[in-house]
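Here are my notes on the model you sent. Please read them with the structure open.

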Amino acid sequence: MSTGLRRFREPAPEVGKPRERCCELCAEPIGERHAHVVDVGSRALMCACHGCHLLFTTEGAAMGRFLAVPDRHLYAPRLALSEGDWEELQIPVRMAFLFHNSALGRTVALYPSPGGATESELPMETWERVLAANPALADVRPDVEALLVDRGRDGFVCHLVPIDACYELVGLVRTRWKGFDGGREAWEAIDSFFADLRRRGRVVGVAGGDRD
Ligand SMILES: [Zn+2]
Ligand SMILES: [Zn+2]
């Protein structure tokens, strides 16, 4: 059985040469910027037109087989995560996506690497501990949203992102990484990816700040 999101079919990032794109549910032509729907059973990420995306926004639509990927961005500049938790995740790089896959009933940590997405199974207790320690992020939705943890010099930051953003970052790393350390081009692309997330994200989880 393939694990996690390796089976997501779409080559990311969706930049570069323009090409004809169609909604994978109704074949309607769509633009380069478009929404996505997750096929929960096969874990495929499907490009969707506005109408189809809207159709699967309602919970329980299509018996839960398809779920619209929401456009919610939260930014927690200070994630409560211990070094011990991070070690438990066994992530060899500075960033990882954590998410829950409801079809498999398990949580997964995925990190970008030059070979594509690499995955490790995330102990359920670790996942629950991270959510309990960070109530502002605790309603992250299974299958369609992920917590992107970035380990900086001063601790951990976290972005709650749509699952398709994971694939954008995985694609950036896969296509631009050079040599052992990635090279300047890759890091510029990664930095601008994170700058965009900071710009879009509503700040949460800061003491005295927004906690909803
Ligand atoms: Zn459609
Ligand atoms: Zn797409």
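**Notes on strand S7 and its sheet**

1. In S10, Leu98 has Leu147 as its bridge partner. Met95 stands opposite Asp150, also in S10. S7 (residues 95–101) and S10 (residues 145–152) pair antiparallel over 4 bridges. Pairing here requires at least two DSSP bridges between two strands. Strands (E, at least two residues) and helices (H or I, at least four) are DSSP runs, numbered from the N terminus.

2. This is a predicted model: local features need pLDDT of at least 70, side-chain atom pairs count only at pLDDT 80 or more, and totals for chains, interfaces and linings use all residues. Residues are numbered from 1 along each chain as its sequence is written, while chains are lettered from A and ligands numbered from 1 in the order in which they are written.

3. S7 also runs antiparallel to S8 (residues 106–113), joined by 5 bridges. Asn101 has Arg106 as its bridge partner in S8. The hairpin of S7 and S8 has 4 residues between the strands, and Gly105 takes a positive phi near 65° there.

4. Why is S7 largely enclosed by the rest of the structure? Because 5 of its 7 residues are buried. Buried means 20 or more other C-beta atoms within 10 Å of the residue's own; exposed means 12 or fewer; partly exposed lies in between; C-beta atoms are placed from the backbone.

5. The open sheet has 7 strands in the order S9-S8-S7-S10-S11-S6-S12, with mixed pairing. S9 (116–122) and S12 (202–203) stand at the edges with a single partner strand each, so one side of each lacks a neighbour in the sheet.

6. Glu128 sits in helix H3 (residues 124–133). Glu128 is exposed, with 12 other C-beta atoms within 10 Å.
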